[in-house]
Amino acid sequence: MEALSLNQEMMVLVLQFLDEENLKETLHKMEQESSIFFNLKYFETKVLGGCWDECENYLGGFTNIGDNAFSTKMFFEIRKQKYYEALDSNDKIRAVEILAKDLKIFSTYDQALYKQLTNLITLDNLRENIHLSQYQDVRSARFLLMIELKRLINLNNRLNNKLELPKLSESRLRRLINHGLNWQHMLCRNPQQSPHIATILTDHSCDQPNAANHRSRAVVPFLSAAVAPKANALPAWMVNGNPSSSSRPLVARKALALPGPSNLANILRHTRTPITHAPVRDHEIRRLMLPPTFAETEADIAMARSMENGRNSNDVSKPWKLKEIVHHTQCRSATMPESIGPGNKQVCLLYTKPGTALLALGSKGVMKMWNWRLTKSNPTGKEMTRAKHEQLTPKKGIFMTNDVPNNKDAIPCLDISNNDSYGLAACGGIVSLFKMVSSYKVLYQFMSPPPAATCIAFIPQDNNIAAIGREDSVIHIFSIRHGEVIAELKGHQKHITSIAFSLRQNIMVSASADAQLISWNMNAWSMNKSSSIQLRTGENAALSEAKVQFHSNQELLLACHETRLVIYDASRMQPIIHWLPQDDGLSACAISSATYSANFEQIYATFTDGNIGIFDAGCLILRRRIAPSAYLYQTPSTSQNVYPLVVAANPKVPNQFAIALSDGTIKIIDPVE
């Protein structure tokens, strides 16, 4: 919240009062007119309800179309959705009206875009347009719109500093009035022990009873009958520096002690620090009232353009530009020294949280880690495709190389704690907690199979608790510190393949090999909702490694199945958008893995034919394709059986990712300069 003037602070108190009195219409109108607080929850309700005029009116209280590029795009997105809904309901007259009155202004920004919108009028179904082929129902479209609006709000300096009000004690305005009445009564010449306060519209004085002048008014219940004052007693509001935190309303409390003039001298004598009001300087008032400078406005526009182009001044990598990347000169790649060995059916691949190291654990039980040295040419340690890679291999004899039962392929499990200090791993055998610092020393082992662990994830808010999915379809919430199972979650039918967390919604989502997804409440560890990745009629429902990952907003959930990519509304566990390999002309091969990029604007997906797809995370439209010839450097005859098993995104470099190939090699790929 930005610093407020005294006038604005008074308005904040009124906003709190209106909210407590449940005067919602007046409250939101005052928010709009005062421009002090942008009520995101209220705005979201109007967007999801399709109340477009109310959305614009409310937004218009804080920013105008031409204020900056973020504001321009917000108004455009709202009006565009209104236009799409008119087209979808086949109300062409309404659509033409929106096009002429609401969208025409944006033709000055992008004439070609306006022309494209105009051409939609000629279609019988707006989904005939290739860019709108994924447009689903109105509810889903509005949900996606709100996600985009939230992103723009957080970037817009006309709004992002008005999303929270100052923290106030309960009924702050009532308390201040109560304090004022106490102070006035202390100054009365002949104070009554039980003053009758009939109004707050004039100053209180026991010499001139208010009741006589305002007999027709109801008594305002800020003060009830006063108790007899104690000698030399301070008023309660001066004794307690902060008002009572009791949740009871003020009218239900006993009256404050109201001492007369004889005690006023004692009060002043015992008050060591005089009460003063800091003067408000004239130049401070001018600073609050002056409009932003031209330089600030230009900075806003420059920032918006930067974000729209997917760039960030802190990003190390360059954005992906080419639509088809087929030659090794069109991207940069680096192969890690040594490999985890061929024949791994599954691989866990993880970057450390700073993005300066990479871990891989294969189903054969071999785990390796690579670090990137800090050099003059690589000061951040993130220029991995050009840096010198230092391999750190765990010492011989620890669990990563030995604990694979019967020498068979097992399901590898691996996760790193939030502070990057510890790791959890298993490969068909016992689960081990190990140190991440050089020694890889095993600190603790637990959960001897059977059943074996098939998925491991640290609970985000506590490095001492882990969720461990098993091959018997049960999930154990395990306290590492106390060595005990906190909860046992049952609901899946097949072994657990993936676990993801949303702290904002307080839920954990798990996936199993039969494409079932379950949402769990993290307070009670009880099941919320269950859903399944829907397959087309006739599709093979064989067991597959379904994976889930939350978007940074913790509201959207990406699910990856070998047959499709799906984005879910996690609160309802309902699909919003899906993508199938044949939708974009790719061969009908299986999807082997998918993950969000660091900035959550892209999704990287790998395929069993060796292709890598880069998708728009907001609409699941394929934007880039990287052919195997761009990173394998082999002829088709020698590389036809080599493909990425898994992809991992660098958490700090939005356009860089790593892949583990079926021949055991690990590669890192990012765009060329």
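Author: Glu488 is partly exposed, with a relative accessible area of 45%, where buried stands for under 20% relative accessible area, exposed for over 50%, and partly exposed for what lies in between, computed with a 1.4 Å probe on protein chains only. This residue forms a salt bridge with Lys490, and their closest N and O atoms are 3.5 Å apart; the term covers a side-chain nitrogen of Lys or Arg within 4 Å of a carboxyl oxygen of Asp or Glu. Lys490, at 57% relative accessibility, counts as exposed.

The model is a predicted one, in which local features need pLDDT of at least 70 and side-chain atom pairs count only at pLDDT 80 or more, while totals for chains, interfaces and linings use all residues. Residues are numbered from 1 along each chain as its sequence is written, and side-chain values use heavy atoms, with hydrogens and water left out.

Side chains of opposite charge can pair when their charged atoms come close. The structure holds 24 salt bridges, and one of them joins Asp19 to Lys24, with the closest N and O atoms 2.6 Å apart. Asp19 counts as partly exposed because its relative accessibility is 40%, and Lys24 counts as partly exposed because its relative accessibility is 34%. Asp569 forms a salt bridge with Arg572, where the closest N and O atoms are 2.6 Å apart, and here Asp569 and Arg572 are both buried. Salt bridges that share partners also join Glu44, Lys150, Arg504 and Glu555 into one network.

Helices here are DSSP runs of H or I with at least four residues, and strands are runs of E with at least two, numbered from the N terminus. At the start of H8, a side-chain oxygen of Asp137 comes to within 3.2 Å of the backbone nitrogen of Arg139.

Terms used: A polar contact is a pair of N or O atoms within 3.5 Å; within protein, one must be able to donate a hydrogen and the other to accept it, and residues adjacent in sequence count only if both atoms are side-chain atoms.
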